[in-house]
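Here is a short report on one protein model. Please look at the sequence and the fold before reading on.

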Amino acid sequence: MPRIARFVRSDMPTVYHIISRTALQGLPIQDRDNDYLLNLINKLSKLYFVDVLGFALMGNHFHLVVRMYPESEAGDEEIKKRLEKYYGNTLNLGEVRLADYRRRLTDLGAFIKDIKQGFTRYFNKKYDRRGFFWGGRFKSMIVQDGKSLVNLLAYVDLNPVRAGIVKRPEDYRWCSLGYHV
């Protein structure tokens, strides 16, 4: 049976709540692993046309709240600038390749895929293991701006409190509130 297509909007900037869980038992993601994951998300968010509005990186899953921008907001010069900053000055881009990059750098699935694959490569190499790390597809929900977004950001930042890791969300350095404080 084929997968149900993910609902995405490509005509305007859209906020998504992303959740992805590991397939491993227990809490395999340690503090230093969360540091790597946070740096990877930060690095990729500078390449993709995305704003990371909130996040919580936990021991067995992560939450991201992101605003993805449509292809219409990805100009040629901005694409070239981002690619050169990410890959260095080694790319020779033609018009066809620019269109491909425009499509990719505004694609929610590609952004999350790069995060998950990059982290899996890191984790497997570091812990000398093979195989998949993440359990299935990531979940994504479209979120309206306004009260819904504010409530979602509070929900995401309170994740470590609900898990009993900290008493106050600002004490957890792998959630957006802790990161900003």
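Strand β1 (residues 14-21) pairs with β3 in the antiparallel sense, over eight bridges. Strand β2 (residues 50-57) also pairs with β3 in the antiparallel sense, here over seven bridges. Two strands count as paired if DSSP finds at least two bridges between them. Strands (E, at least two residues) and helices (H or I, at least four) are DSSP runs, numbered from the N terminus.

The model is predicted: local features need pLDDT of at least 70, side-chain atom pairs count only at pLDDT 80 or more, and totals for chains, interfaces and linings use all residues. Residues are numbered from 1 along each chain as its sequence is written, and side-chain values use heavy atoms, leaving out hydrogens and water.

**Strand β3 and its partners**

A hairpin of three residues joins β2 to β3.

How many residues of β3 (residues 61-68) are buried? Eight of its eight residues are, and the strand is mostly covered. Buried means under 20% relative accessible area, exposed means over 50%, and partly exposed lies in between (1.4 Å probe, protein chains only). His61, His63, Val65 and Arg67 point one way from the strand. Phe62, Leu64, Val66 and Met68 point the other way.

Histidine 63 is found in strand β3. Histidine 63 counts as buried because its relative accessibility is 2%. Serine 20 lies in strand β1. Serine 20 is buried too, with a relative accessible area of 2%.

Both residues make polar contacts through their side chains. A polar contact is a pair of N or O atoms within 3.5 Å; within protein, one must be able to donate a hydrogen and the other to accept it, and residues adjacent in sequence count only if both atoms are side-chain atoms.

| Side chain | Partner side chain | Distance |
|---|---|---|
| Histidine 63 | Histidine 17 | 2.9 Å |
| Histidine 63 | Asparagine 159 | 2.8 Å |
| Serine 20 | Lysine 116 | 3.1 Å |

Contact in general means heavy atoms within 4.5 Å. Setting aside residues up to four places away in sequence, histidine 63 touches His17, Ile18, Ile19, Gly54, Phe55, Ala56, Tyr155, Val156 and Asn159. With neighbours within four places left out, serine 20 is in contact with Asn60, His61, Phe62, Lys116, Trp134 and Phe138.

**An exposed loop residue**

Aspartate 128 lies in the loop between α4 (108-126) and β4 (139-143). Is aspartate 128 buried or exposed? Aspartate 128 is exposed, with a relative accessible area of 73%. Its phi is near 50°, a positive value in a residue other than glycine. Most residues other than glycine have a negative phi.

The largest pocket holds about 270 Å³ of space. Of the 14 residues that line the largest pocket, Val8, Ser10, Thr106, Asp107 and Leu108 are the closest to its centre. The lining has six nonpolar, three polar and five charged residues.

The second largest pocket holds about 200 Å³. Its lining has 13 residues, with Leu27, Met58, Gly59, Ile165 and Tyr172 nearest its centre. By class, seven are nonpolar, five polar and one charged.

A pocket here is an open set of points on a 1 Å grid over the protein atoms alone, where a 1.4 Å probe fits, with protein on both sides within 12 Å along at least five of seven lines; lining residues have an atom within 4 Å of a point. Volume is the space filled by probe spheres set on the points, which are joined across faces, edges and corners. Ala, Val, Leu, Ile, Met, Phe, Trp, Tyr, Cys and Pro count as nonpolar, Asp, Glu, Lys and Arg as charged, and the others, Gly among them, as polar.
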